[in-house]
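Have the sequence and the 3D view ready, and we'll go from one spot to the next.

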Amino acid sequence: MEALVTTRPRYLANAPDNVQPAENGHCDPEHPGREHPGPEHPGPIERSDPLEHCGPFERRGPFETAGVPQPAPPSERRQQVSGPASPSRSGRYRHGLRAWLLQGLAEQSQQHAGPHAQPPAEAHRMHRWWRVMCLTGVDYFSTLGYQPGIAVLAAGAVSPVATLVLIVLTLAGALPVYRRVAHESPHGEGSIAMLEHFLPWWAGKLLVLALLGFAATDFIITMTLSAADASAHIVENPYTPAVLHGESMLITLFLLALLGAVFLRGFTEAVGLAVVLVVVYLSLNLVVMVAAFSKVVSEPHVIGDWHRLLIAQHPNPFLLVGFALIVFPKLALGMSGFETGVAVMPLIRGDETDTEAHPHGRIRGARRLLTTAALIMSCFLLASSLVTVWLIPEQDFQTGGPANGRALAYLAHELLGKAFGTAYDVSTISILWFAGASAMAGLLNLVPRYLPRYGMAPRWTRAVRPLVLVFVGIGFLITWVFDASVDKQGGAYATGVLVLITSASLAVTLSGLRRRADGRRSTKRLIGFGLITAVFIYTTIANVFERPDGLIIASIFIVVIVTVSFISRSVRAFELRVTEVHADAAAREFIADVAATSRRDGSGDGEPADLRLVANEPDTGEAAEYRGKEAQIRRDAHIPAGDPLLFVEVAITDASEFECALDVTGLDLHGYRVLRLTSTSVPNAIAALLLYVRDTTGTRPHIYFEWTEGNPFTNLIRFLIFGVGEVAPITREVLREAEPDRSRRPAVHVG
């Protein structure tokens, strides 16, 4: 069996050779013979074979070996060079601010897959499904604060019928889709990751970037719309000071700033608080519904008045249903919360027999969560739609009216008095604010999950606080553009929700194309989910044509995300981009044998021979290919005939991926020793191999290339997109950034 060597690259910064920040430089704790030091106390790594385990990756190189003397810490080295220094007060402030903003910044993007990407490390972070439902419910259930009013403005007297259509689509469409998503993607990746898997390479990346634009629209509009609705409840409360009347904009901005301040201070998912907020809010809504229906029973003429108005406006029942089908997309924001429901699946406590590969208990809990939430919300949506259209005059729903954006709060004050109405307002404001917190957590979950892994985000996006400032700033801008109006933001919110649900429907439909264990496809699932997808596509298109605000905002987000992503990818393309190196037994033997070969000049002075590697682009694989390559390199580089050579060949897997592990396989082909690499980029893979060879042997390797034919600019584009191109200069640039010390940097020769 082949032995496996794993080494992890260190943090690479442009600093002198003896500056060695040892942050997060630990090895895999699962391997024996290693300590797992914390980021502030790097400890030694004991091993008997310098090729057996990875070294303590200090600043001298990304693949440091044991036994190499470690230079002084950075602070001591600076004092040795320049003596004691007293930084200015402004410098200390800047350093402290930077350290505070970037707290928690990690150097490997693959370690930042979002707060729900990995299973919780401790059991106490797991919760019963109904408690997690409350966490998703702060977003889903809080739409009761504004959904009934928006429904009346959109559909008028037809709003209960349109709401019924929405409920049917929720229970017969969105719910089955996301129950399937929970089964297909139980680790919190959601439907976006499902589509990414169906469309590999750059197509999948571009699709994810576009969906991230719509997801950003959904989450940010959730923040701004919820804050705007909370400000409406504050302003309309009879106990609110007069000085705040008409100041919805300032109140909304204050709530957004408060939300940002909480996340800057440090925010964790408070499931317990979510449970309290949801239980209190739904209980108060239930009281309002009971009071409203009691009012209707005592004054049954309101039902007759509504029925006569409905007949007068739409005498033909078929046209009435047709009108409801046309306008119900405007009510689609009542389906929010499904994507969040699958994103938080890792928080659900499953069965004791659950494994990460087969979390059956977690999936069952998630399905219960989705079903229960959908049923509760459907009942409240239908009941609230009926009582609001029966008991509230239509003019009170208009902009500036007392029921605008707060229909149920209006009924709470009218039917149960100011004291109860104020309690209802406080509960509504609390859950709306917490819905914004849930949306912010969703954003902070999405960005680290995808963009850094693609190399399409600056390094600082791996830290929470800079992202919070960016998202709050965008929220301020959107609030100003929409004048802190709930009605104006409804269309944009619905667009984001519908696109995410449509993408989930498409992902589930495509999953029906996969063959089962018996080799057959699930035709029923394919047809059923295909029809649901068609309905959601219609709903999304209808909503976009009716209110294009959401598409405009999402398009802006998509353009910004794509532009920043590809600029960042281009700038970061010369990073090492290798997360770890796996060398098999044959590769290790080849490297060790060359490192221990005869003396360089035969003088016996004990100086090791140069380690020479030859980059080869595989062609026929016949002996003549390697024989001709060796003869050419020895002639062009004046390499003595007795010096051994190692051939290096790189096979590209998926060039659209940014970081990956480097697999090194040793092959004996026609008597020539070949190291065959598997990676996402040729130059970065070769650079990582050279550093690995240097750090595991203590010998500075030399690599020999041929110049690539073609236009340099074209070759650069090929490198950025396909991972190939002008390999020699790019390999040298990657090495230059990875190792600032020229005396220790592997040598690159081109002939």
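Start at Tyr672, which counts as buried because its relative accessibility is 16%; buried means under 20% relative accessible area, exposed over 50%, and partly exposed in between (1.4 Å probe, protein chains only). Before going further, note that this is a predicted model, where local features need pLDDT of at least 70 and side-chain atom pairs count only at pLDDT 80 or more, while totals for chains, interfaces and linings use all residues. Residues are numbered from 1 along each chain as its sequence is written, and side-chain values use heavy atoms, leaving out hydrogens and water.

Now for the rings. Searching the whole structure turns up 10 aromatic pairs; rings of Phe, Tyr and Trp (its six-membered ring) pair if their centres lie within 6.5 Å, with planes under 30 degrees apart called stacked, over 60 edge-to-face and the rest tilted. Take Tyr626 and Phe647: their ring centres are 5.3 Å apart and their planes sit at 85°, so this pair is edge-to-face. Tyr626 belongs to helix H20 (residues 623-637) and Phe647 to strand S4 (residues 645-652), so the pair ties together parts that are 21 residues apart in sequence. Helices (H or I, at least four residues) and strands (E, at least two) are DSSP runs, numbered from the N terminus. Both Tyr626 and Phe647 are buried.

Phe647 also brings us back to Tyr672: those ring centres are 5.8 Å apart with planes at 85°, so that pair is edge-to-face too. Here strand S4 is linked to strand S6 (residues 672-679), with the two residues 25 apart. Elsewhere, ring pairs join Tyr140, Phe141, Tyr178 and Phe338 into a cluster.

Tyr140 is also among the buried residues of helix H3. Because 10 of the 12 residues of H3 are buried, this helix is largely enclosed by the rest of the structure. With 0% relative accessibility, Ser142 counts as buried. Setting aside neighbours within four places in sequence, Ser142 is in contact (heavy atoms within 4.5 Å) with Gly137, Tyr281, Ile431, Leu432 and Ala435.

Last stop: helix H6 (residues 190-198) and helix H16 (residues 486-511) pack at about 45°, their axes 9 Å apart. The contact includes Ile192 and Phe198 of H6, and Leu500 and Val508 of H16.

Definitions and conventions: Axes are lines fitted to C-alpha atoms, for helices over the stretch in contact, and angles run from 0 to 180 degrees between N-to-C directions.
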